[in-house]
Structures are given as structure tokens and as C-alpha cells.
Amino acid sequence: MDCFAQSGLVRTMDVVKELQVAQPTVTKVLSRLEREGLIHVLPRQGIELTVTGKALAKKSMARHELVLRWLKSVGVSDQMADLDAEGIEHHLSDESLAAIENHLNRSASNSD
């Protein structure tokens, strides 16, 4: 979400619009994320990630980027790779992700 990246805060309605889901659904999920210590909901200001939330977000982004690079390396189109990576990244073990990263690193060093 661009609005989050710029200010560090995002409004509930921005999440509703971005994800195209009902406001009660977003409120319920935000409550759970706050209970889990991943976000702070600041009344009339917005939502911000906690330190733990930021760490989890960075880990998730790294997983996505790794799977995306791997799919592209085997010839999947950019658009399809992005769509597929969104689902695959959530189902791969740390062992599989490490193997993919090692494979990509070996391929990159062999092509130099």
C-alpha cells in the first residue's frame, strides 16, 4: 500500500479500498493483529506496524521476492510470477526457501 509506505500509517478505509473487502472484516482482522502485537491502532490517526510487525513484514517481502526471482528464472512471465509467488510463498518451508536461494545464488555465480 503506497499510503502506508509514505507515512508509516494507514487508515482502516485505505485497507478496505485496497483489499476490496468489507469494513467489518478489516476491523476484525486488525483487532486480531493488534492482540498479536503486530500493529497499533491509533484512534483517528491510523494503523502502524509494531517492531514485531515490521520484522514480519520484511520477512514476508523477502520470501515473496525470492519466490518471484525463482519463478522468473525458470521462464515464468513477470505478471504470472507475481500472482503465483503470492500463493506459493505461504506454503514453502524454510528448508525449501533456503534451497531455492542456494540454487539461484549458484546459477548467478555460474553465469558470471
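Of the contacts in the chain that link residues at least 6 apart in sequence, 37% join residues at least 24 apart. The model is a predicted one, and its chain holds six helices and two strands, which follow one another along the sequence in the pattern α-α-α-β-β-α-α-α. The radius of gyration of the chain is 17 Å, well over the 13 Å that the globule rule gives for 112 residues, so the chain is more spread out than a compact globule.

**Extent and burial**
- Of the 112 residues in the chain, 21% are buried.

**Surface and charge**
- The chain has an accessible surface of about 8,100 Å², and carbon and sulfur atoms account for 54% of this surface.

**Loop residues with positive phi**
- Gln20, in the loop between helix H2 (12-19) and helix H3 (23-35), has a positive phi of about 55° although Gln20 is not a glycine.
- With a relative accessibility of 71%, which is over the 50% cut-off, Gln20 counts as exposed.
- Arg44, in the loop that lies between strand E1 (39-42) and strand E2 (46-49), likewise is a residue other than glycine with a positive phi, here near 60°.
- Arg44 also counts as exposed, at 87% relative accessibility.

Terms used
Residues are numbered from 1 along each chain as its sequence is written. This is a predicted model: local features need pLDDT of at least 70, side-chain atom pairs count only at pLDDT 80 or more; totals for chains, interfaces and linings use all residues. Side-chain values use heavy atoms; hydrogens and water are left out. Helices (H or I, at least four residues) and strands (E, at least two) are DSSP runs, numbered from the N terminus. The radius of gyration is taken over C-alpha atoms; the globule rule is 2.2 Å times the number of residues to the power 0.38. Buried means under 20% relative accessible area, exposed over 50%, partly exposed in between (1.4 Å probe, protein chains only). Contact means heavy atoms within 4.5 Å. Accessible areas come from the Shrake-Rupley method with a 1.4 Å probe; for residues, only the protein chains shown count as cover.
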